[in-house]
Amino acid sequence: MNYLHAENISKSYGDKVLFSSISLLINKGDKIALIAKNGSGKSTLLRVLAGMEQPEGEMAKIIFKQDIRTIFLEQEPVFQPGMTIGDAIFDAEDPKIIAIKAYESALASSDDERTRVAMARLDDLQAWDMEVRISETLQKLRIAGMDRKVSELSGGQKKRLALAKVLVQEPDFIILDEPTNHLDLDMIEWLESYLQQANLTVFMVTHDRYFLENVCNRILELEDGNLYPYAGNYEQYLEKKIARVQNDNVVAEKNKKLLKKEWEWLGRQPQARGTKAKARVDKVWELKETVSQIKTTEEMSIQIEARRLGSKIVEFHDVGKSFEEIRILDHFFYKFRKKERVGIVGPNGAGKTSFINIMTGQLKPDYGRVIIGETVYFGYYTQEGIALSQDKRVVDVIRDIAEYLPLAKGFKLTAEQLLERFLFPRKQQQVFVSQLSGGEKRRLHLLTSLMRNPNFLILDEPTNDLDIITLNVLEEYLMGFDGCLVVITHDRYFMDKLVEHLFVMEGDGKIRDFNGNYTQYRESRGNVHTSAPKTEQQASRSVHVADTEEARKLKNKMKNELNRVERELEQLEEKKAALNNYFMQENLSVEEIEDKGKELQMIQEKISLLEQQWESLVEKM
């Protein structure tokens, strides 16, 4: 059954053509991923298909099946001002959700007649399982507090709320833009399991390669304005892509030889300029254009000569750190060795970034010592990013750090060459930072960390908003990196490829050192995947705890603790807002900026940890 039929879809911005006269067909049960380089127009294509932007061309046609429910999840969702979490969830045209909202309102009004009518409506729609589905979906995505203002949520929490809003409506067809961003590993695996349902049709943009492998049955690649279809999952896509590129290269080699002959003929400038001669001239320029667009799968192999790293690197001696009642580290001992590669895993808010800040000296422990060797030179890529000068050219951003990187045997890698390697061609190196897409800015930020030539590299969520091609380049670069590497990421593929062991943050300050990559760690836990939301029959079998006197006392205790956490969160948000206003002042000294920046970082860490505690309390209640 055909769910979506699109023909002759084109879109451009100025001189840049994103895609031209492309067509696609999506059938019931298809699970299709769209992949492309950053800036190629992936999100734009989704927005065009969802009707949020208009395609170009008189022949453009987009047809959805009329009797299906289609929902689009944007990469950066927007909510109405003043909304609570409950308002956002119930802001839907789904009859069952509208009925649940009416029932909740009737209960709150204590109007027996309204409640009776609302209950009858729920019976008619067989919607009693909807409330269970909403509760469980919010729990899986760690969203709590229906009365909490959406404006108080972080960007990641808003993305999870938008995803929950999509899933509880049980649409027939979902269009998703980077659905795994801001999800921790357990959430990603739950979503992966949910989307595998046979009756669900999905079209998505994602860079998560295990997601592509486990969910998708088709992959579309947007390249140079054209759409290339591949049947199968990620592994099958790679196999077929290699075959296509090799075939292109064979054709390119033939074209090069033909082009050389034609170029020589054109250079002789024949006197006869008839129709046949003119056709040959036109063919020369057509061949030249074709040859210039052929891609190669060969990668430049480089060996960076990293700074010398002494025997003493980073050592933790009986280190502890807490924020209020939340412990991050508890009597932690560890000594890093040369060329060590470690991944850090744990749920959102477990303190992974705090651990890194303690390691780099940006955050002081409550007790114990962290010793950093004299030869250690950190390169720290943060998920918050850095403030790139919008009026600078791309190449100048990198040149301001260094003109070149030293290579083995005395060779050098210039700033321009490093940019080329990470998919910034010479022409694009001359554009201003303000002209880059979000993913391209993240890529440039990454290069500012690499260009400093660190011998201890820390990457905090480096894969967010990076395309698969860039991830492959980055992975190859890091496999040749000769220093220590620490990675925090929700990208399981990236972690499996690069790390040798894991620091597993298990809560209450405990860190387990697991010898192996992420997949091996999951297998050691029995590879348990959480399932999709329960059916009404499954929910009815759930065991409910009796509301005993002891249970009521426990609930009151947790409620008091929840109120305390909420008050502290409110105070911290006020301090954060005051600091952000402080940074708006002119003529601030470097010392003032550094001091206030550290204070802001500590406040943000406390907010993150308190949010985790708040979510845990609400979930228990």
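The structure is a predicted model. Three strands make up an open sheet in the order S2-S1-S4, while helices H5 and H6 pack at an angle of about 150°.

- Strands of a sheet pair through backbone hydrogen bonds, and the pairing can be parallel or antiparallel.
- In the open sheet S2-S1-S4, the pairing is antiparallel.
- Strand S2 (16-27) and strand S4 (61-64) each have a single partner strand, so they stand at the edges, and one side of each has no neighbour in the sheet.
- On average, neighbouring strands of this sheet are turned by 15° against each other, with direction ignored.
- Strand S1 (residues 2-13) is joined to S2 by eight bridges in the antiparallel sense.
- To find a spot on this pairing, look for isoleucine 9, which stands opposite isoleucine 22 in S2.
- Helix H1 (residues 42-49) packs on the sheet and touches S1, S2 and S4. The direction of H1 makes about 125° with that of S1.

**Helix H6 by itself**

- Helix H6 covers residues 155-168, which is 14 residues.
- From first C-alpha to last, H6 reaches 20 Å, close to the 20 Å expected at 1.5 Å a residue.
- How many of the residues in H6 are buried? The count is 12 of 14, so H6 is mostly covered, with buried meaning under 20% relative accessible area.
- The buried residues of H6 include Lys159, Arg160 and Lys165 as well as Leu161, Leu163 and Val166.
- After H6 comes glutamate 170, which has a positive phi, near 50°.

**How H5 and H6 pack**

- Two packed helices are described by the angle between their axes and by the distance between those axes.
- For helix H5 (residues 128-140) and H6, the angle is about 150° and the axes are 10 Å apart.
- That angle makes H5 roughly antiparallel to H6, because angles over 145 degrees count that way.
- The two helices, H5 and H6, have a right-handed crossing.
- Which residues meet here? From H5 come Met130, Arg133, Ile134, Thr137 and Leu138, and from H6 come Ala164, Leu167 and Val168.
- Ala164, Leu167 and Val168 are also among the buried residues of H6.

**A look at valine 473**

- Is valine 473 buried or exposed? Valine 473 is buried, because its relative accessible area is 2%, and buried means under 20%.
- Valine 473 and leucine 423 are 50 residues apart along the chain, and their C-alpha atoms are separated by 8.7 Å.

Conventions. Residues numbered from 1 in each chain as written. Predicted model: local features only at pLDDT ≥ 70, side-chain atom pairs only at ≥ 80, totals over all residues. Heavy atoms only, no water. Helix = DSSP H or I, 4+ residues; strand = E, 2+ residues; numbered from the N terminus. Expected span 1.5 Å × (residues − 1). Buried < 20%, exposed > 50% of the residue type's maximum accessible area, 1.4 Å probe, protein only. Pairing = 2+ DSSP bridges. Axes fitted to C-alpha atoms, helices over the stretch in contact; angles between N-to-C directions. Contact = heavy atoms within 4.5 Å. Parallel < 35°, antiparallel > 145°, perpendicular 65-115°, else oblique. Left-handed = near helix turned anticlockwise from the far one by under 90°.
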